[in-house]
Amino acid sequence: MLHFRYVIQDSQKLIYVYEKLTSLRLRLQEVRKKAEQSEDDENIKLAYEIPNNQGWGSYYALMSLFGQPQLYRSQGSDELKLCRCDRNDMDLSIPEGNKMLLLLISGLDISSNEILFLRDTYIESKTSVQQDYEIVWVPILSGQWTTSSDEKYAKLLRMMSWYTVEHPNFISEKTKTFIRQVWKFKRRPIVVAIDQDGDVVCPNGIHKMYIWGSKAFPFTLLRERSLWNSAEARLDSLVFDFDPNITRMLQDGKWVILYGGNDIEWSRKFTTQVRKVLSDACILAEMIYVGENIKLGPQSYSLDLRKVCYFWTRLESILISRYQSFSAGDSGTDPILGEVKKLLSYKSAETWACLKTPSSDSMVHGLGDVMLQGFIEFGMWERNVQMKEFSKKFQNHIEQLTRGSSSGQTCCRIVLNTDNRYAVGSLKCPSCDHSMEKKISYGCCHIDENE
């Protein structure tokens, strides 16, 4: 017995020591993370220190990044040259004046959806003299240049309406290493903003562009915070104004209901029930399917896949922007961050729905079964509620149903399509407020050449 007690006592000491070491390890990890971030910030500041004091600016910063002309560059060329992507004659030129430059850095696997979005933003910026910037595509390749690479490269050039470097082969390995190590480029496209003085004002502004479009100019943290503090920063507007058709529906006084998932039976029951309930209440409504299951499309207005992709990518961008713009992180005090986490968790849910009424600045959303039950019960009490008060009352009703249902206890899952592990340090579950476990996920980025 004495020996048995002695073992237990030693075990308790070991547990105590283990807990102390674990706590120390976590603190050291946090210190190392802050040190690495500080080092990265310093590298970015020093990246464009050009020895020649004459001619400081964005173009000379670009020259400094790419260094001396590489093999096969145009004969007689002693400096970096840019060319228009959409010109077949490859007429070499540089942007007029010393404008802000946005470096679009990607591989040849950049998707057509990403290019089309950036092209729309670029065209929009040309209508305002206050948003004077140029985009330069910097294609970063791994491995040897092949015939297949040449075909993909030519196809992408035809889709772009901005500038690019003279040829991907002219980008040195030293420059590629800098871009990967300092700007954390891996596979996902990033947009690096360089101001007129040649300073990096944002190592990746693509999330700002997905949220605000050309309004994000000049892509600084100060501008981002200013936009978040403006009247345009209502979450319901950011969620629903990604499609002009939806904006017009709300302006016409219609209710808009977004729904998604892959459960065909639930979808049919949900659309049928909601249409009946709202029709009985003489309410005009549009139901819009936000998903990739083509079998669900005919039951209601269905978004094309490009807009579905934009919807989820924009929500991810809002999450990353809120997390990075305000130092509090995921403290639980940011209502926008909390709502966005819930919406993003629906991407992996089997069923979900989100309601927006023209008379309210808020949304009502939840998992599919809860929202369906809410609409079924809506007919029992809606006559006693003024339409202006409806969203608030319905939201409270959905929250009560969520707390009383088993679906409210379902674990949430949030997937972010970013390969920067520091984009979001940690998140709390939008359902139970516990810290969410971060896992590594691998996804194939293969794009069919016939696409």
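Biologist: What makes Glu339 and Lys342 a salt bridge?
Modeller: This is a predicted model. Its closest N and O atoms for Glu339 and Lys342 are 3.8 Å apart. The cut-off is within 4 Å, so the pair counts as a salt bridge.

Biologist: Where do Glu339 and Lys342 sit in helix α12?
Modeller: They are three residues apart in helix α12 (residues 335–345), so about one helical turn separates them.

Biologist: Why is Glu339 called partly exposed?
Modeller: Its relative accessibility is 24%. Buried means under 20% and exposed over 50%, so Glu339 falls in between. Lys342, with 30%, is also partly exposed.

Biologist: How do you know that Asp236 and Lys356 meet in a salt bridge?
Modeller: The N to O distance is 3.4 Å. That lies within 4 Å, so the pair qualifies. Asp236 lies in helix α8 (residues 235–240) and Lys356 in strand β11 (residues 351–356), so the pair ties together parts 120 residues apart in sequence. Arg234 joins Asp236 and Lys356 in a network of salt bridges.

Biologist: Why is Asp236 called buried?
Modeller: Its relative accessibility is 2%. The limit is under 20%, so Asp236 is buried. Lys356 is buried too, with 6%.

Biologist: What makes Arg188 and Glu114 a salt bridge?
Modeller: Their N to O distance is 3.7 Å. The cut-off is within 4 Å, so the pair counts. Arg188 lies in the loop between α5 (173–182) and β6 (190–194), and Glu114 in helix α3 (residues 112–125).

Biologist: Why is Cys282 called exposed?
Modeller: Its relative accessible area is 73%.

Terms used
Residues numbered from 1 in each chain as written. Predicted model: local features only at pLDDT ≥ 70, side-chain atom pairs only at ≥ 80, totals over all residues. Heavy atoms only, no water. Buried < 20%, exposed > 50% of the residue type's maximum accessible area, 1.4 Å probe, protein only. Salt bridge = Lys/Arg side-chain N within 4 Å of Asp/Glu carboxyl O. Helix = DSSP H or I, 4+ residues; strand = E, 2+ residues; numbered from the N terminus.
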